[in-house]
Each structure stands twice: as C-alpha cells, then as structure tokens.
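Hi,

Here is the structure I promised to pass on. My notes follow below it; please have a look when you find a moment.

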Amino acid sequence: MLLQLPAVGVLLFWMVVPLGLAVYFSLVRYSLLNPDLRGFAGFENYQYLWEDPSFLPAVINTIVLVGSVLAVTVGGGTAMAVLFERRFPGRNVAVLLAIAPFFVMPTVSALVWKNMILHPVYGVAARALSLVGLAPIDWLGGCPMLSLIMIVSWEWLPFAFLVLYTSLKSLDPEQREAARIDGAGGAQVFLHVILPHLRRAIGVVVLVETIFLLSIFAEIYTTTSGGPGHSTTNLAFLVYSLGLLQFDVGIGSAGGILAVILANIVAFFLVRMLATSLKQGA
Amino acid sequence: MQAPDRPSALPAGGAPAKGAVRLRGLAKTYPGERGHAPTVAVKGVDLEIEPGEFMVLVGPSGCGKSTTLRMVAGLEEPSAGSIEIGGRDVVGLEPKERGIAMVFQNYALYPHMSVFNNLAFGLKLAKRKSEEIRETVTRTAGVLGLEAVLHRKPNALSGGQRQRVALGRAIVRDPAVFLFDEPLSNLDAKMRVQMRAEISQLHARLRSTMIYVTHDQVEAMTMGDRICVMNEGAIMQVADPLTLYREPANVFVAGFIGSPPMNLVSGTIQGRAAALHFVGGQGPEPLDIPLEGTLAEIARGHQGRPAVLGIRPEHLVLTPAGACHLLPPMTVELAEPTGAESILYLRGAWGGLSARIAGDRLHKTGDNVSLHLPLDRIHLFDAETGLAIGRTSAGRAPD
C-alpha cells in the first residue's frame, strides 16, 4: 500500500492537475485578445460554446468520423483477417505490408495522401480517373469528410486487421471442421463460428480505436484545417481553433471539458460491454 | 444409461449395407514446402469395414491413422485411392453428404452456444422443423444424461460432460458411420474408463459402424471388434484383439501390442545335432534356445538366417511348467510391484528382458533371478522383413 503511493501520486498529479486547470479556465473569462476582461464567468463559456455555429457540426463530424472509420476498419479488418488466414505463397510478406501503414506517423500519412494520392493535379487518384476518361476530383475540397475518413481508415485498418488476424489464428481448427461436418457452408461457418469467436477481439478494436479516433487532430490539421467551412472540424480541432486560433482559452477549455466528458461516457459503456463479454468467455 | 428408445440405425429388412466402409489404395501426400521433400502421411491403405463394426485404428503418433480418418470424414482430400461408404464413392463429396459424424479430440464444441444449440446446430442447418429438433435433442440429451445442463455453455461443463455433448452432436445426425479422433485423450484416467464403457454401450445399442482412432492400445484392445494397427502410413495388421495379441503378423505389431511390450531378441537360426536352435543376444555367452515342434518345422527354411525371437513378459515364469528353457541368471535392474503382479526389468550378460510375474514376492534392484522360458510361447520373426516366421503358441486355446 505504502510502496504504491508514489506511483499513484504521480498518476493522480498527472491527471488531476491538467484536468483541474482545464476546469478552472473553462469557468473564467480568459481571452488572450482581451486580457483586461478577467474574473469568474460561471457557465458563460459553455453557453458561448453551445451557441457557437461550429459546435454542433463539430459534434456531428466527430460522430460521423469515428463511426465511419470504425465501420470501415472492423469490416475491412475482418475481411482481411479471413483472407490472410488462407495459405498462399508470400503470406508473411503480405501480412507485413498490410500492417505497414500503422507505423507511418499521422502527419506523414496525411501529407502523403494530400499531395501524392488525392491531389487533383499530381495525385495518383486523379491520374487513375483520367486513365479511364473521367475528370479528376478535388477530393479534399469537394468531399473533405470522405477524404478524411479514407485517410484515417487507411491508418487504422492495419490495427484492426492485426488484432482480428491474431484472434482468428487462435480459433481451434476442429471447431470449423465440426461445423463443416454439421453441414455448414463457408458463409455459415463465418456467421456461426468465426464471427462469435472474433466478438471479443472486435470489442477490443472498437474500444481502443474509439478512444484514439475521438481525438483525431494531426490528419485534419495537415489536410483541411477543419474546412472547408466547418465540414471537417471535429471536437479536438474545434478546441484547438477556439483556444489557439481565436485565442479564447476559456471557451477552448470548456470544449476540452465537454470532450473529456464525452470520451468518458463512451469509454464507460465500452469497457462495461467488454467486461461482460470477457466474463462470458472466461 | 437408459434403455434405447430410438429408431434403429439399420434399415428395416434389407441388408444393412449402409454403414459399410471400403478404402482402396487410399494415400495422402502433403506437398513439401520451401524445398522440403513431400511428406507421405498415408501410403496406399486397403481396408474393409463391415456394417456395424467397431474398427479401431491404432498406432504411434504420425502413423497416418488420423489422416486416414480425416479423409473418410472429408476433411482431407486423398491424393490417391477411393473411399466407399455404403457402396457409394464419397471422394469429392462434402462431409455433410457422406452420412458420417465425427467426435473430435478437443470436443470442438461451439463455445458461444448453449448445449442445446450445440446439439441442434446441425439439425438447424439441415432446416429441420423446430419441433422435430427439440424432440431429437431432448431425447439424445436424455440418453447421455445431459438434460440438466442443456441451457449451459460448454465452458461451464466438466470434461466428461463436454465429451458427452460432442457424442450427442454426433448422435443427433443419425449417421451411418461414427468417426472418433482420439476422443478420450483429454480426459483423466477415471473418466476415460467410464467414457470408454459408454461408447462401447452406445455402439452396442446403435449398431452403427464406428471408426475409432487412438494411440492407446488399451482403448484399442478393449473397444475394437477389429483393430487396424498402422505404422508409417501403412497397415501392419488388421485382426480382432486376441488374434493381434496371440499372432502378431510382424515385429512391429508384436512390439506395439502388449504392456510391457514383447521381448524381442535378435539372433540367428542355427542347426545343431539334428535340432534347430535360436542363438541370439550379445557377449561371449549368447542365448541358445532350442526350437521345438511345429516351429522347428517352419524355421527349417530360415536356417542360418538372421531372426528375431519374441517372448511376452507375462509368459516368462519362475517355476517351470511344461517344456521350458532355463535362462541364465539375470540381475533385477528395476522392479515395479503393482500388487497382483510385478514387472521386472532384468539384465544378463547376453542382453535385457522384462518379465511380468506373480506379485507374491518382493524383488529388489540387484536381486538375481532365474527365469524359465516356455518353449511353446515363442514367436519367431524374419529379421530382414520383420514378418512373422511362425510361433508355437499359435492356435492354443485361451488359458
């Protein structure tokens, strides 16, 4: 007990001080453009935030981004895991290549996508479209959210794939054979044996990805800077833009506190869901 | 277990050919990966299994018995040969179309389904009516004593119960042929004996053909109508348990069946003073055993050739009865008293032996023992081919 105290103390300090400061700043008037305006503001900052025309779009964008990326990575990851589980020559190399995007840092991958793939003039996508006689698309200008979802999914698909692939490898092959003898075809084996086996791993992927996807920032900053308009502004980027572009630390802190609350609500449900499924599996 | 209350697996009236299994030239070769030579798992197995027969495939690990079973099940594609089940060639058919059911070593239950759903899964896939499914599952669960746990998940069951669910899942399919792949190897010794009896009872009641793979010779001997001993992908001998024990066709079967295994001594057959002798063992004073009666007749053609003499540990005696040959005194290296009998591992100047003798005397390591070898219990094998030359114990009435 006593020996754990330093570790617990450091963790507490680490967490409580920034959180406390954020709560404090969210309750005072603190604009760098208007340093004379000081004092306790109550929930004024929260009210301003709520009335900010970019707040609701940011919440919706966050949900759309997280939801879409989760759907793409879990669906795609499962499909890839099933695909890569079949034996074929060079499978180990292929697995390594499939995982590779995960090791690219977000800023780099965003820049690669922005300048080398999605760019309407130099991009590979534009070249591919023109090869089949179609006009190039200005991805980041025309469909910024879709582009962003593509970039982030590309980054997180390897993670989902890796977790699900490993889980699939731990499936007792006899179970699949038993299902085949019971008369199950490929689709039924997938539905009744593979998918239930992957359920826990999918839970882990959803939990971990959600926590990271809620705070996506670098990709937005390097590609669209939250625009055009508010179309790719999520909560994390909104907090940044309020605090460091509009220099209103108070409102920015209020946004940060809301994001913390939101993340905690999500984490609470996910952890509970995961815990029950772990208990069932034990 | 309860009295049978289910329709017979045999078709009414006509010949029960439904469960006949015939393997012809069945072979399986796995292609070598990355420059390795291809692995031959099964090389040309011919085997006929009668309808309703309990056939045990037994052999050391890697002998191809499981691969053979998996080819019958349709889980492996044979490289060559044919498989007929009930007179129908099933090579290329899906497992579900073969009229078989399989019980796996690790039970292979569906962990997320209740026991009821585990049993019902195959029937549901076959699109049976839910009423019929409920009735079949309940009846099978009743036979296996699983009614109380139908709603439980497999991980809440004991090993024996899981094995029963796996059995039940096979039974509800009402197959012509049951396939067992070492189903008892994950159970503890006591449970294994109990499940062994239950499977035998199940066979007696259903009268379906059963093919049972095991590496445990006790399971093979106690359960099989006939036993197929395999080694290195080939069949060594197919016979009923007693024939296998009394008349092993070759050195491998002689050494595999029986515990401790048959003593095998290498040597030559020599003719001296109008009689044949087996001379074997190492050292300046070799073992010299006279061959008598029919065995001497049979061995005459092998005179001067290398041979292997076999004698079962349980046939060596301390006090002679009938025609016996007194072996030179040997030292006890290890004594294993089990109560009713003791197993002695002995060493003499010419080599070593194991003997199973009555347990009324306690032997200690270092004791000197003189054993008698009954001349009418000898097996002789050709040292080059490994095949049996003959035996004096053949055809003897059981003691």
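**The sheet in chain B**

Ile269(B) stands opposite Phe278(B), a residue of β12(B). This is a predicted model, in which local features need pLDDT of at least 70 and side-chain atom pairs count only at pLDDT 80 or more, while totals for chains, interfaces and linings use all residues. Residues are numbered from 1 along each chain as its sequence is written, with chains lettered from A and ligands numbered from 1 in the order in which they are written.

Strand β11 (residues 263-272) of chain B and strand β12 (residues 275-280) of chain B run antiparallel and are joined by six bridges. Strands are DSSP runs of E with at least two residues, helices are runs of H or I with at least four, and both are numbered from the N terminus; two strands pair if DSSP finds at least two bridges between them.

Both belong to an open, antiparallel sheet of six strands in chain B, ordered β13-β12-β11-β14-β21-β22. At its edges are β13 (287-290) and β22 (388-391) of chain B, each with a single partner strand, so one side of each has no neighbour in the sheet.

Helix α8(A) bends by about 35° at Trp156(A), with a proline, Pro158(A), following within four residues. The bend is the angle between axes fitted to the seven residues ending at a residue and the seven starting there.

Between the chains, 14 residues of chain A are in contact with 15 residues of chain B (C-beta atoms, placed from the backbone, within 7 Å). The largest share of chain A's side, six residues, comes from α9(A).

Best wishes

Terms used: Contact = placed C-beta atoms within 7 Å.
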